[in-house]
Amino acid sequence: MGIVPWEDVSSFDGQAQGLDHHGMTLKTMVRSVPGLLLAAIVALAIGLRVRQAAGSMVYDEMASMYFSGQSWGNLWGWWMLRETNPPLFYSLLKLWRMVVPSPGEWAIRLLPLMIGFAHLAVFGHYVRRRLGWPAALLGLLLFALSPADIYQSAYVRGYVLAKLMVLVSFIGLVRAIEADGDRKAARSGWAAYVLAAVVAIYCHTTMVLWPVIVTIAVLVDEGLSRRLRMGLALRLIGADLGIMVLSGWVIVIALAQLHARSANIAWLVPLNWIDYQSSLNLQLLTGGAFSALLMAGLMLIGLIRRFRSRIVRLAALISLLTVVLFKLADQVHPIISDYTMHWCANFTVLLAAASLTGGVIGEDPARRFLRQVSALSVLGGVALAGLVDLFVVDYMVVPQDWRATVHTVADHPGAALLVSHESIGVVIEQTCLVEFGSEHCPFPLVVMSDPRQTDNWAFGGYHGRLVRPEDVRAALGKASTIYAFSRYYYTPLQHLGLDPGDWNEVMWDDGELIGPIPATAFDPPGPGEPPRKADYNAQYTGQIDDDDDSADDGDGGD
């Protein structure tokens, strides 16, 4: 029996010929169901991503702005040894900034948003063609509600492009495998597999594992099917060698960074099993509680119901191999963060989507009705669970609010901003570029030198001078009010022996704005006052002291 999309009442044997006016109306209504559901899912996806995009750009996004402002020679030369991410996305952002009228947040974030929606379009079209409308709608709904996908779709980094390219690479490879003597289809499939994989690798270095993972998956699938084709295996290995050659720039830079023990990757540590499970839940499932269990159940159902489908078997193998190989690689050198594995959601979502089947020609009307009701129930349940997890249980936290930071200082006459470490100075300058149109902030910015060599990507990038801690008071000049920003180990007040808890703190998940602080607080201790002891190991953790009643959770930071 052939599978038909969602419903095609013309497939009713004989009955379709005898439809009266009411039957034709029913036929029209039934055929409109996929379109209406698709429109609702697209609207939901757009709304959630626009909501996310309305927030302030965060630390790494401002770093993307900095890199996209570099010369082509820097981006594609040895200068990039300082940065762990390859230069392709930065180059695209550089070109994008030549097109958009201003460097504002919405203009910049439109680039990843467009790539994210392109990914949804490609995914939905492919799954509909291979598995039918119900599967496509469920897959799109799962992506629409995924916190990781919402975040990365508005995130000015290369992850969203890598995810799209992995999908295109997979589609091309399957096309090549199934060409069955069609040389044109085989050539286009192999070309798509190779070129898209190369683009993914130039988006993020960890994507060098993609050809390894999918090659093992294909060979295992061929072996389990007892029809391993030596010609296919040789062509696949040859294509992988081509990918590695074309990705030579990324591989050479990565090896040089590992040899040099780059401080930019030294902060990563292997995840323990509990943290790894939490990261997998976020990146490969829905990130929620009940909805993640629901998706895992749908994945199992999809694998069982559609095991005969090549793309379903490959999706299962790729998901399993990704979890295993990334963990093994993480033991050699840490590579896992809450961003680096979300590309694999292409396959976990495909597995879950396969749990819903389309109709078949000649299907019994009663069974057809039950299948429709079941599909609608699953879609409704997933939507409800996902929305509850997003808005009731735990919506995505705000890492830092640089927009609120610079506007708070700019709106306070006579105020200056104090930060520590050159990378924070670079980020503040990029924030001023985005918010005010110039890297020269409309307030005095004092950047303290910091002994730590972390975030060395920014070294030499700050346009002002770095101030030694003992010279901070003089550098503040005539400013009457001071704000200080803390993140990570870059805690300027503690470096001066001051306690941030003495003043108002607006706290986010990965940064806080402290102030207003009277400038006199930075004067040397008076007679009889104890000396101040600098603490260079103080770290901002996002935790609020129980005895600190002045702290704010940051929800109303500006």
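His421 sits in the loop between β3 (415–420) and α20 (422–436). Helices (H or I, at least four residues) and strands (E, at least two) are DSSP runs, numbered from the N terminus. The structure is a predicted model, in which local features need pLDDT of at least 70, side-chain atom pairs count only at pLDDT 80 or more, and totals for chains, interfaces and linings use all residues. Residues are numbered from 1 along each chain as its sequence is written, and side-chain values use heavy atoms, leaving out hydrogens and water.

His421 has a relative accessible area of 1% and is therefore buried (under 20% relative accessible area; exposed is over 50%, partly exposed in between; 1.4 Å probe, protein chains only). A polar atom of the His421 side chain lies 2.9 Å from the backbone oxygen of Thr454. Beyond its neighbours within four places in sequence, His421 is in contact (heavy atoms within 4.5 Å) with residues including Val447, Asp450, Phe459 and Tyr490.

The whole structure holds one disulfide (a pair of cysteine sulfur atoms within 2.5 Å). Cys432 and Cys441 form this link, with their sulfur atoms 2.1 Å apart. The link is right-handed, with 105 degrees about the S-S bond. Both Cys432 and Cys441 are buried. Cys203 also counts as buried, because its relative accessibility is 2%. Cys344 is buried at 0%.

The chain has 22 helices and nine strands. Of its 558 residues, 53% are buried. Among contacts with a separation of 6 or more, 78% join residues 24 or more positions apart.

Notes
Polar contact = N/O pair within 3.5 Å; in protein donor to acceptor, adjacent residues only side chain to side chain.
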